[in-house]
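Here is a short report on a protein structure. Keep the sequence and the 3D view open while you read.

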There are 2 protein chains.
Amino acid sequence: MARTSLGRWIPESFHGRICQPYQDPFSRQPDQQRASRPLRRINPGHNKVIASLTEAIEAAGLQNGMCIATHHHLRNGDALLGMVVRAIHALGLRDIVIASSSIHPVHAELLPYLHDGTIAAFECGVNGLIGELASKGEITCPITVRTHGGRARALMSGEVQVDVAFIAAPCCDCYGNINGFSGPSACGSLGYAKVDADYAQTVIAVTDNLQPYPVAPISIAQTQVDYVVEVERLGDPQKIVSTTTRTTTDPIGLMIAGYAAEVIEASGLLKDGFSFQTGSGGTSLAVAERVRDKMLAGKIKGSFGSGGITGYFVDMLEHELFRSLFDVQCFDLQAVQSIGRHPGHVEIDADMYANPFNRGAVVNQLDVVMLGATEVDVDFNVNVNTESNGYLLHNTGGHSDTAAGAKLSVITVPSIRGRLPIVRDAVTTITTPGETIDVIVTERGIAVNERHDDLRRELEKRHLPVKDIRQLQKEIIALTGQPKPVEFEDDVIAVIEYRDGTIIDCVRRIKA
Amino acid sequence: MARTSLGRWIPESFHGRICQPYQDPFSRQPDQQRASRPLRRINPGHNKVIASLTEAIEAAGLQNGMCIATHHHLRNGDALLGMVVRAIHALGLRDIVIASSSIHPVHAELLPYLHDGTIAAFECGVNGLIGELASKGEITCPITVRTHGGRARALMSGEVQVDVAFIAAPCCDCYGNINGFSGPSACGSLGYAKVDADYAQTVIAVTDNLQPYPVAPISIAQTQVDYVVEVERLGDPQKIVSTTTRTTTDPIGLMIAGYAAEVIEASGLLKDGFSFQTGSGGTSLAVAERVRDKMLAGKIKGSFGSGGITGYFVDMLEHELFRSLFDVQCFDLQAVQSIGRHPGHVEIDADMYANPFNRGAVVNQLDVVMLGATEVDVDFNVNVNTESNGYLLHNTGGHSDTAAGAKLSVITVPSIRGRLPIVRDAVTTITTPGETIDVIVTERGIAVNERHDDLRRELEKRHLPVKDIRQLQKEIIALTGQPKPVEFEDDVIAVIEYRDGTIIDCVRRIKA
C-alpha cells in the first residue's frame with residue numbers, strides 16, 4: 001500500500017500499472033514524449049467503406065487483450081458501444097479493455113460480456129449499474145476513473161494506448177470526414193472523440209448518416225480515419241440530447257443558486273473579460289441565469305463560457321455577454337443547433353479543454369466554475385464518484401480539471417440528501433482535492449477555504465451566511481444525526497486517478 | 001551516385017541525409033512512427049508573452065546547428081523570417097537550418113547571413129535570388145526542395161525536426177490562440193503553419209495584432225504554442241495578398257484556357273460531384289471561368305474546390321457550384337474575407353491537403369487539377385523548379401502532390417517562352433514524374449499521355465488539336481531552333497525530393 005499526501009491508502013499497483021500516490025495539484029511534471037502511431041499510406045482510389053462492424057473489427061486487427069474506445073457524446077442514447085462489444089463477442093475475442101470517454105447507465109447491457117470474460121477492464125470511469133455491481137463484488141472488473149483532462153493526458157502520453165477507436169459519427173462521408181452537427185444522431189461537439197482520432201492505432205468511423213464527400217465543417221478529418229462503417233442507428237435520438245434543460249424550481253436549489261451568484265459577484269471576478277463554466281443541473285442553470293442578469297445589469301462583456309454547453313450559454317453568446325464558447329460537449333439541442341453555425345461557438349477537444357500536460361488548457365483561463373458534489377468534507381475535499389453508501393456511481397468528468405484551473409471554484413450542494421449529511425469529516429472518496437476548491441455553498445451556509453480570507457470578509461460584509469465548515473457540519477449533523485460509517489473490504493475495485501496521472505484515492509468493495 | 005527509375009543521377013547523400021532514389025509515385029510505404037515531442041505542463045497563471053523576439057529565441061533554447069521554420073502565407077510581404085534571422089545573428093548563433101514552408105524573393109535579405117555562416121542550409125525550396133546565386137555557385141548552402149505534402153510528411157515522420165517554429169500570427173491572443181482572418185497582416189488560411197505548430201519542439205507565435213483572450217475561430221490552438229511575442233509589423237500588407245487576381249487577356253493564354261476547358265469537359269469528369277483545383281495565374285483563372293460557365297450551363301453541382309483559393313472559387317462556393325472549399329492558402333483578399341465566415345470554406349493543413357503518408361489527403365479526392373510548368377518533356381515529366389537556363393528559381397508547391405492525386409492532371413503552358421521551346425527531350429529538372437501527368441495543353445496543340453487513349457480519341461472526336469508530344473515538340477523546335485544545352489558542373493546545389501521522401505532529381509551548379 002502507498003499513501004497519498006491527503007492520507008488515503010492506495011494500492012501499489014492496479015490492473016498492471018504502478019500507482020503513483022497523489023501529491024499536490026500542480027507540481028508533477030510530464031516526463032513522457034507525446035504518443036506516436038505508425039504512419040500509413042492511403043493512395044487515390046482506395047475505398048475506406050467496410051460493409052459491417054465485424055469486418056471492420058477484423059480489418060483493424062483487434063486481438064485478445066487489446067483496448068477499444070468509444071465517445072460518450074450520445075450519452076444515455078448510445079447504441080454503438082453495445083453493438084461493438086456484441087460484434088467482438090461474436091468474433092470470440094476476450095479480455096478486451098474499454099477506454100471510452102465515459103460509460104452511461106445504458107451500458108449496463110455490457111454486463112453479460114463482463115461475466116463471460118469478453119471485457120476485462122475499464123480504463124475509464126463509469127456511471128450507473130456497472131460501478132454499483134463492482135462495488136458489491138458482483139462483477140470483477142478493474143476500473144480506472146479519469147478526469148476528462150486526465151483521459152486526454154493518458155492517451156497523449158501513451159499511458160493508455162487505444163488500439164481501435166470506434167467513433168460514432170452523426171454526419172460522415174465515405175472518406176471519414178466527420179462532424180456531430182446534423183443527422184438523426186446529431187450530438188454537436190465531438191470534443192472527446194477528437195483525442196481518440198488523434199491517438200488510437202486504428203480509427204473506425206461508424207455512422208447512420210453517410211453523406212456525399214466532403215462533409216463540412218470537419219470536426220474529425222479523413223487523415224485520421226482508417227475505415228468507415230454504416231449502421232442503421234447510432235442510438236436513440238430522444239436520449240442523445242434532452243431538448244431542454246431547465247433551471248430548478250426547488251426552493252433549496254434556488255436559495256443555493258442565489259448565494260452562489262452573490263459569491264461570484266463578491267469575488268470581484270464578474271467584470272469585463274469574465275469567463276465562466278457551469279453544468280447542466282437545475283441549480284447550475286439557476287446560477288447561470290442570475291449571473292446573466294448581473295452581467296446585463298452591469299453591462300459586463302465576458303470573454304468565454306466553457307465546458308458542456310447549454311442553451312443558456314448559447315443565449316449569452318448571441319446576446320454578446322460572451323465573445324466565445326469553448327464547447328467540448330453539447331448538453332442540449334440549442335447548443336447542437338448553434339455549434340458549427342456561430343463562428344464564436346468553438347468546438348474544442350478534451351486536450352484543449354482540460355489536459356494538464358499541454359501548453360495550457362482552457363480551464364487554466366477560467367475565472368469561475370460551478371461544480372456539484374455527492375459529498376464534501378471539512379478539508380474541502382470533494383467526492384463526485386461514490387455516494388455515501390459507498391457505491392461507485394459516477395464518473396469524474398471535468399470536475400478536478402476545472403477546479404484546478406479556475407480562479408474561483410464553487411461547489412453548490414444541498415446540505416442534506418436522503419437524510420444524510422453532505423459535509424463529512426472525510427469524504428468517502430476524494431475526487432477533487434480541497435486545495436483546488438474555494439467555496440462550498442449550501443442552503444444552510446457558505447464555507448470559504450481559508451486561503452481566501454479576503455473573499456470571506458467580503459461575503460461577511462455583504463451579510464451572506466458565511467460559516468466555518470466545521471460549524472456548518474455541526475449544524476447539519478444536529479439535524480441528521482451522525483451517519484453510520486459504511487464498511488469496506490480490502491479489495492480495490494477502482495482507482496481514482498487525478499488529472500496528472502497520480503492516484504488520489506481508490507474505491508473498495510462494500511462489506512456485504 | 002545513385003540512379004532514379006527515370007534515369008536521373010543523384011548523390012548518395014545530401015546534407016547528411018541518405019538519398020533514396022525515386023522509383024514510382026505510389027508504392028513506397030512509410031516505415032516510420034509519427035514524430036513526437038516532449039509533453040509540457042503550463043499551470044494556471046503562467047504568462048506566455050515575452051517582450052522580444054530575442055528573449056523568445058533564448059527561452060526556446062535555440063542552439064548552433066538547430067532548425068527553425070516560418071510559414072509563407074505572408075508571401076512576398078513577409079517580414080518575420082528576416083527579423084528572426086537578424087535576431088539569431090545578433091545572438092551570435094551559427095549554422096541554423098531553415099525549414100520554412102517556402103522562401104520568397106523578399107528573403108534575399110537573408111543573403112548576408114548565408115555568407116557569414118548564420119544560416120547553413122535550407123530544408124525547403126526557394127523562390128528567387130537565393131536559388132539563382134546557389135546555381136551560380138556564389139553561395140554555398142544545400143537546398144532540399146519539398147512539395148507541400150512532402151514537407152508535411154517530413155515533419156510528421158521526424159525526417160525534419162523543427163526545433164523552433166516562428167508563426168506569423170495575424171490575429172493572436174496572449175495564450176497563443178491564432179487565426180489568419182483579421183488584422184493588418186491578415187492572410188486567411190494558416191494551412192502550412194498548422195503542421196509546424198503540431199510538430200516543432202517549441203512554438204513561438206509572433207503577432208502584430210494581440211487581441212483579448214480568446215481569439216476565435218481558432219486555427220492554431222493555445223495547446224501548441226509556447227510563447228507569444230508582439231512586434232510592430234509582420235509584413236507589408238500590400239504584398240501579403242494581392243487585392244485581385246485576374247484572368248489573362250493574352251491571346252495565347254486565352255487559347256490555352258479554352259483548350260483546357262474542352263479537355264476537362266471531354267474527360268467526362270465534369271458532372272455532379274466534380275472537384276477541381278487550379279492556381280492563381282491568369283491562364284488558370286481563365287480556365288476556372290470557363291469551367292464555371294460550363295457548370296452553370298449544365299446545372300452541375302460540384303463537391304469541392306481545393307488548394308490555394310481565389311475569389312473565383314469563393315464565388316463558385318457562394319453560387320453553390322461547390323459545396324465546400326478546402327483552403328490551405330488564400331490567394332486573394334476575397335478568399336481571406338470568406339474563410340472563417342462561410343461554413344463550407346474549410347481551412348485545412350498541409351497534411352490534410354497533400355501528405356502521402358496519412359489516411360488519405362484531399363488531393364486523393366481531386367477530379368481535375370490545372371498545373372503550370374517551366375518545361376515539359378516527351379515523357380510528360382514536368383519541371384517547375386529550374387528554368388531552361390538551369391537556375392533554381394521556384395519551389396514545387398503542391399505540383400507533384402496534386403498531379404499524383406487527381407484523376408486528371410492538366411499542364412497548361414505556352415509552347416515557347418523567351419524564344420525557348422517548352423517541350424524538351426528531357427526537362428532540365430524533373431519535379432513531377434510524367435506518370436502522374438495526363439494532358440499537356442499548349443496553344444499549338446494538346447498532348448495526351450498514352451495511358452489515356454479514350455480521352456485522346458474523345459478529344460479528336462471533338463476536333464481539338466491533339467498531337468503526339470514528339471510531333472508537338474518538332475513543330476515548336478521548327479520555330480525556335482534546337483536550344484543550346486546548359487552545361488553543369490558536378491556539384492549538387494539542391495535535391496528535389498518527391499512527395500514520398502525519395503529524391504527524384506537534383507540541381508547542379510551552372511558551368512560559369
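## A threonine and its neighbours

Leaving out residues up to four places away in sequence, B:T118 touches B:V85, B:I88, B:H89, B:L93, B:R94, B:D95, B:I96 and B:Y113. Contact here means heavy atoms within 4.5 Å. B:T118 sits in the loop between α3 (111-115) and β8 (119-122) of chain B. Such helices (H or I, at least four residues) and strands (E, at least two) are DSSP runs, numbered from the N terminus. Is B:T118 buried or exposed? At 3% relative accessibility, B:T118 counts as buried.

## How to read the model

This is a predicted model, in which local features need pLDDT of at least 70 and side-chain atom pairs count only at pLDDT 80 or more, while totals for chains, interfaces and linings use all residues. Residues are numbered from 1 along each chain as its sequence is written, chains are lettered from A and ligands numbered from 1 in the order in which they are written, and side-chain values use heavy atoms, with hydrogens and water left out.

## Where the two chains meet

How many residues of chain A are in contact with chain B? The count is 62 residues of chain A, which meet 62 residues of chain B. In chain A, the residues that lose the most area to chain B are A:L39, A:R41 and A:R359, together 21% of what that side buries. The area buried between the chains is about 5,300 Å². Carbon and sulfur atoms give 50% of that area. Buried area is the accessible area (1.4 Å probe) that two parts lose on being put together, summed over both.

Polar contacts cross the interface too. Between chain A and chain B, 40 residue pairs are in polar contact, both residues being at pLDDT 80 or more. Several elements of chain A each supply at least two residues to the side that touches chain B: α5 (148-157), α6 (191-199), β17 (302-309), β18 (322-330), α12 (350-354) and α13 (399-405). The largest share, three residues, comes from β18(A). By class, this side of chain A has 29 nonpolar, 20 polar and 13 charged residues. Ala, Val, Leu, Ile, Met, Phe, Trp, Tyr, Cys and Pro count as nonpolar, Asp, Glu, Lys and Arg as charged, and the others, Gly among them, as polar.

## Salt bridges

A salt bridge is a side-chain nitrogen of Lys or Arg within 4 Å of a carboxyl oxygen of Asp or Glu. The whole structure has 64 salt bridges over all chains. Four salt bridges lie across the interface of chain A and chain B. The table gives some examples.

| Residue | Partner | N to O distance |
|---|---|---|
| B:D198 | A:R34 | 3.9 Å |
| A:E132 | A:K136 | 2.9 Å |
| A:E475 | A:K467 | 2.9 Å |
| A:R462 | A:E265 | 4.0 Å |

A:R462 lies in the loop between α14 (453-461) and α15 (469-480) of chain A, and A:E265 lies in helix α8 (residues 251-266) of chain A, so the pair ties together parts that are 197 residues apart in sequence. A:R462 is partly exposed at 35% relative accessibility. A:E265 is partly exposed at 31%. A:K136 is partly exposed as well, at 32%. A network of salt bridges links A:R17, A:E123, A:R146, A:R153, A:E159 and A:E497.

## Backbone details

Which peptide bonds are cis? The bond from A:Y213 to A:P214 is cis, with omega near -10 degrees. Another cis bond joins A:A216 and A:P217, with omega about -5 degrees. A:P214 lies in the loop between β14 (210-211) and β15 (227-230) of chain A.

B:H15 is not a glycine, yet its phi is positive, about 50 degrees. B:H15 is in the loop between β3 (13-14) and β4 (17-18) of chain B. B:E320 is not a glycine either, and has a positive phi of about 60 degrees. At 54% relative accessibility, B:E320 counts as exposed.

How values were computed. A polar contact is a pair of N or O atoms within 3.5 Å; within protein, one must be able to donate a hydrogen and the other to accept it, and residues adjacent in sequence count only if both atoms are side-chain atoms. Buried means under 20% relative accessible area, exposed over 50%, partly exposed in between (1.4 Å probe, protein chains only).
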